[in-house]
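Hi,

Here is the structure I promised to pass on.

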Amino acid sequence: MNEDRCVKCGSCLRACPVLNDPSGGLFPGPRTIGVDAPRFLEKRNVGQNALRCTMCHACEWACPSGITLTRSMLKLRSDASAERLPGHRRMMEYISDFGRTVSTEFQGWREEGHRTLYFPGCIGLGRLTGLTSAVSSLLTSIGIPHDISREALCCGSPLLKIGEAEMAEDLRKRNLEVFSRYDRVITSCPGCTYQLREFYGIEAEHAIEVLKGSELRSKLGGRWALQIPCHLKRGLSPWTAEDLAAVLEGAGVNVVRTSGEDACCGGGGGLLSGFPETSGSLARGKVEMYRRAGVDGVITACPFCSLNLGREGIMVLDIGEALALKR
Amino acid sequence: MSRVLVIGNGAAGAFSAWLLAKGGWEVTLVGRGTSSTALSTGCLRSAPKLCRDEILEFLGNDDLPWATDGREGISRIGTSYRCWMSPSHSTWNDGGAPKSVAVAGIGEHPSLPVRTTAAMLNRRGIKAIPFIMPVQVPPEAPLSSRFRDEEAWEVMAAELEQLSAEAILLPAMVSLRDYCRLDQLERRCGREILEAVTPLGAPGLRLADLMLSKAKEAGVTVWDGRKVIDLDVSNGAVREAKVLGGSEVRLVALDALVVATGGPLVDGLNIDGRELTDPFGRFQVTGHEDALRGGYDNRNGRLVSSDGQVIVNAVGAGDCLSSKGREYGHGLNQALESAYRAVQTLEGS
């Protein structure tokens, strides 16, 4: 690809949240995986440690030569035939058996033939069903009737992140059949949105892009920081970061902007299932930062951020849970 | 309020944005990727001739105390580094070199090759002993990753206390927020703590962070990760910019423009064969035979359109301007002074 542009400045290393975490020592780093491994055979044998990356795109943003490091790293994962980590194996088994990465707990299916599909993603249907119900109610209240289809399966992003390109392709085909019945697909998970746009070629919209411009209110008091999801800001569009703040401020939330708000929480790239201890360590680092900022909680727009930060004992809300229609 | 767009997130962009915001402009700064400023040593090699007070105010920061006038320090390979302004722990006053230095590296980390550095210092008549702290950090990981809590710093202090030298040279590793740790370490060990002067590392990143945070404090809106892809120039003035972020383009109406995109890096000038060209396709560029001198043509700072017309409300700042030649090591000074001139030109118009 464009790895030959590397000037060995090390900006990617300084930007990498995993390398900068005390628990990240075994990760060979974005330069080794994204720049050297694709070019030099002897550097290619990095094994499972190549998966110790959250796919947060921070290295790619920092690169002064514009190298698409994330793509290089993702390609290496597809080329590697490493033995699966226990967490990743479990995830693959769930997908083979049930079509989603975790067991599905959601009960509020809506298959009423609307033109819009709300696609909550596996975490929203399995672990954070409250988030999904909140986003669904909000969409209805702003005049977007929608289906939530039990036929829509995992978007395949987690499979691609661990190098299972074939299984991901199978899911893509099955999902495209479902999507063909709708004019519009709305998601609440930036990882799904990114996957649908980049690998399905459909113009899926994240909830923040839909909510922008609506008259909203919030009952939240106190001071709230933002956790800006990697795949939202650096994956979909950097504008979404300002939109997130603007939508919340417009709804009357006291938003406290912090300098590390767009740093990775550690929940992405298959890290949460593959290397939970590193995921947890990154989340603890972020929670410490939020505590220093003296906020009452954090608002985000990604189920993985909600899940991973929430485990470290800070109040985390999704925008869907933080907002309601202004009446 | 007049709206100005600054393109570039390095020293020239951040300083001009800060000056303009203080001058009452509504400033938006667009830039992406790591700037050359962030790859520098984070020191000013020579005294600014033009806007010394403004530069001192711009760089002033509670977390990072600076030292000025005739300073000398040690690079990561033990050579002498002279400058006018540096963070206080990087250098000493001319003539105030320590008699003895313990060169303290972290494990086998390549950030400070202790034996080479100590040998270089001994040759210069500074008694130096190499010392390796028994902390292993992988070669690609930033050192700061292992020094994030009180306990790690405590362990380091206990190790350093054993050393008998007058000063201790450490690899450059602390971020802006953690700079105060070096003061604490100095008090704790009772010895002067020196940080090796190092490019491509923490000092440059600290400086770039500081500059952008000062610009934000002054009211500048910073759009990171975005790129200006087109400029609407009509009747000799820039009216509008198209800014791309992800796959979405937003239009920005503007009353003035500062181009501070640096040299031919990814979003700076394009290189076409050996010639330099303007990525916006709007301005005249001197594609000098010596690429280090090429850049945007200007008339007293104002950019010139492709057909030779002076653009009244567009100025260039820093390394993207054509120049008579760049003096080695003085890029930061030149960028800051050039930004100051660019702002004076705009404010005079």
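Which residue lies over the face of Trp239(A)? That would be Arg226(B), at 4.7 Å from the ring centre. A charge sits over a ring here if NZ of Lys or CZ of Arg is within 6 Å of the ring centre and within 35 degrees of the ring normal. Chain B has another such case: the charged end of Arg45(B) sits over the ring of Tyr81(B), 4.4 Å from its centre.

Some housekeeping before the rest. This is a predicted model, where local features need pLDDT of at least 70 and side-chain atom pairs count only at pLDDT 80 or more, while totals for chains, interfaces and linings use all residues. Residues are numbered from 1 along each chain as its sequence is written, chains are lettered from A and ligands numbered from 1 in the order in which they are written, and side-chain values use heavy atoms, with hydrogens and water left out.

On to the rings. A pair of aromatic rings is described by the distance of the centres and the angle of the planes. Searching the whole structure gives 10 aromatic pairs over all chains (rings of Phe, Tyr and Trp, the last by its six-membered ring, with centres within 6.5 Å; planes under 30 degrees apart are stacked, over 60 edge-to-face, the rest tilted). One of them is Phe106(A) with Trp109(A), edge-to-face at 5.5 Å centre to centre and 85° between the planes. Both of these residues are buried (under 20% relative accessible area with a 1.4 Å probe, protein chains only; exposed is over 50%, partly exposed in between).

Phe283(B) and Tyr296(B) also pair edge-to-face, with 5.9 Å between centres and 80° between the planes. This pair links distant parts of the chain, 13 residues apart: Phe283(B) is in the loop between strand 16 and strand 17 of chain B, and Tyr296(B) is in strand 18. (Strands are DSSP E runs of at least two residues, helices H or I runs of at least four, numbered from the N terminus.) Phe283(B) is buried at 5% relative accessible area, and Tyr296(B) at 0%. Back in chain A, ring pairs join Phe119(A), Phe179(A) and Tyr200(A) into a cluster.

Last, Cys16(A). You'll find Cys16(A) in the loop between helix 1 and helix 2 of chain A, buried with a relative accessible area of 5%. Leaving aside neighbours within four places in sequence, Cys16(A) is in contact (heavy atoms within 4.5 Å) with Phe27(A) and Pro30(A).

Cheers
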